[in-house]
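Let's take a walk through this structure together. Keep the picture open beside you as you read.

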Amino acid sequence: MTDLLNALVLITNFIIIPAMTYGSQLALGALGVTMIYSVLRFSNFAHGEMMSFGAMATILMTWYLQGQGVSLGPFPTALIAIPIGILATIALVLITDRLVFRYYRRIRAENVTYLIVSIGVMFFIGGLIRFIIGPNDQVFTDGERFILKARAFKTMTGLNEGLAIKMTQGITVITAIIMVSFVFWFLNRTRTGKSMRAYSDNEDLALLSGINPERVVLITWIITAALAATAGTLYGLDKSYKPFTYLSLLLPIFAAAIVGGVGNPVGAIAGGFVIAFSELTLTFAYKKFLAYLLPESLEPSGLMQLLSTDYKIALSFVILVIVLLVRPTGLIGGKTL
């Protein structure tokens, strides 16, 4: 029985908790991507850099607050700075929409044109970020590092395996639940949210009903910017901020949105957790886990690792291809908001 508990703690410590955290970050990113696709009807390749920009603005504000001696005690100071990161990201996306996307919306450009334009915006924002904060890693985490330490868990339970929960992991999951709940409440309970869903369902019919398309677009960008800035900051808090990392995050975020079902908010969230759990489950070394469960004579000599951690990002692409071949509409089924 003790060996079984040790095995469960091992899996919880190295797969379930990290996957819940990473999945929450991907879900917030994928939710923003799917909202832009549903309302503005294009795949915004600049979303990863929007997340990076929001995290950068939060970091700059965090450093300022830390310099002024402001802190949240055991919690990261970045939690106070996130609203500034969100406002900065909202300003960035509204300026980008006014200067770039609105023109192509007015001439009813093809989707491929939007896609190429968003790639240009992505490179511009990436360059702007590196011009402001530089290309190097930045550390902005403070406060308590752990909610539960492995040694304290071992002492408390008497097990060989320790269970550690980082403060950033707990904050990420709770913040994601709050943000996602707010977005669903907004879409289903408010008049503006219902207008966005109507516009997403049928643009022409929504216009005939008197819905202001510019207002729908404005609100969509604001919500998307808030989701992107929050997701980017949570990712930076959990894994440290590296400007180039957010570019590589684009693949798992798009994979999450497509795997769940393009244009489906529930699918985007589910897709985020599918990608996160798949990456961690397939790259985990099961040697120690099997040693707890099997007789000593059957203990494996190798790492029992299906794939190297170097293939984590590539796994997103493989999962994406498999889902598109088996179920092209995604696991839950794509639809409008």
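Predicted model: local features only at pLDDT ≥ 70, side-chain atom pairs only at ≥ 80, totals over all residues.

Helices here are DSSP runs of H or I with at least four residues, strands are runs of E with at least two, and both are numbered from the N terminus. Residues are numbered from 1 along each chain as its sequence is written, and side-chain values use heavy atoms, with hydrogens and water left out.

Let's begin with the whole chain. It has 14 helices and two strands. Along the principal axes, the C-alpha atoms fill a box of roughly 70 × 55 × 35 Å. The radius of gyration, taken over C-alpha atoms, can be held up against a globule rule of 2.2 Å times the number of residues to the power 0.38. For 337 residues a compact globule would come out near 20 Å, and the chain's 21 Å agrees with that.

What share of the 337 residues is buried? The figure is 49%, where buried means under 20% relative accessible area, exposed means over 50%, and partly exposed is anything in between (1.4 Å probe, protein chains only).

Now zoom in on a pair of helices. Two packed helices are described by the angle between their axes and the distance between the axes. Axes are lines fitted to C-alpha atoms, for helices over the stretch in contact, and the angles run from 0 to 180 degrees between N-to-C directions. Helix 7 (residues 191-201) packs against helix 9 (residues 213-239) at about 105°, and their axes are 10 Å apart. That angle makes helix 7 roughly perpendicular to helix 9, since 65 to 115 degrees counts as roughly perpendicular, under 35 as roughly parallel, over 145 as roughly antiparallel and the rest as oblique.

Which residues of helix 7 and helix 9 meet? Helix 7 brings T192, S195, M196 and Y199, and helix 9 brings P213, R215, V216, I219, T220 and I223. By class, this contact has six nonpolar, three polar and one charged residues. Here Ala, Val, Leu, Ile, Met, Phe, Trp, Tyr, Cys and Pro count as nonpolar, Asp, Glu, Lys and Arg as charged, and the others, Gly among them, as polar.

Next, have a look at a couple of loops. Most residues other than glycine have a negative phi, and most peptide bonds are trans. R41 is not a glycine, yet its phi is positive, at about 60°. You'll find R41 in the loop between helix 1 (2-39) and helix 2 (47-67), and its relative accessible area of 25% makes it partly exposed. R108 also has a positive phi, near 50°. R108 sits in the loop between helix 3 (78-106) and helix 4 (111-133) and counts as exposed, at 58% relative accessibility.

Back to helix 3 and I80, as promised. I80 is partly exposed at 34%, and, leaving aside neighbours within four places in sequence, I80 is in contact with L65, V70, S71 and L72. P83 is in helix 3 too, and P83 is partly exposed at 43%. From P83 to A57, 26 residues apart along the chain, the C-alpha distance is 9.6 Å.

Finally, move on to helix 4, where I119 lies. I119 is partly exposed at 25%, and its C-alpha atom is 5.5 Å from that of F45, 74 residues apart along the chain. V121 lies in helix 4 as well. Is V121 buried or exposed? At 8% relative accessibility, V121 counts as buried. Not counting residues up to four places away in sequence, V121 touches A46, T96, V100 and F101.

Terms used
Contact = heavy atoms within 4.5 Å.
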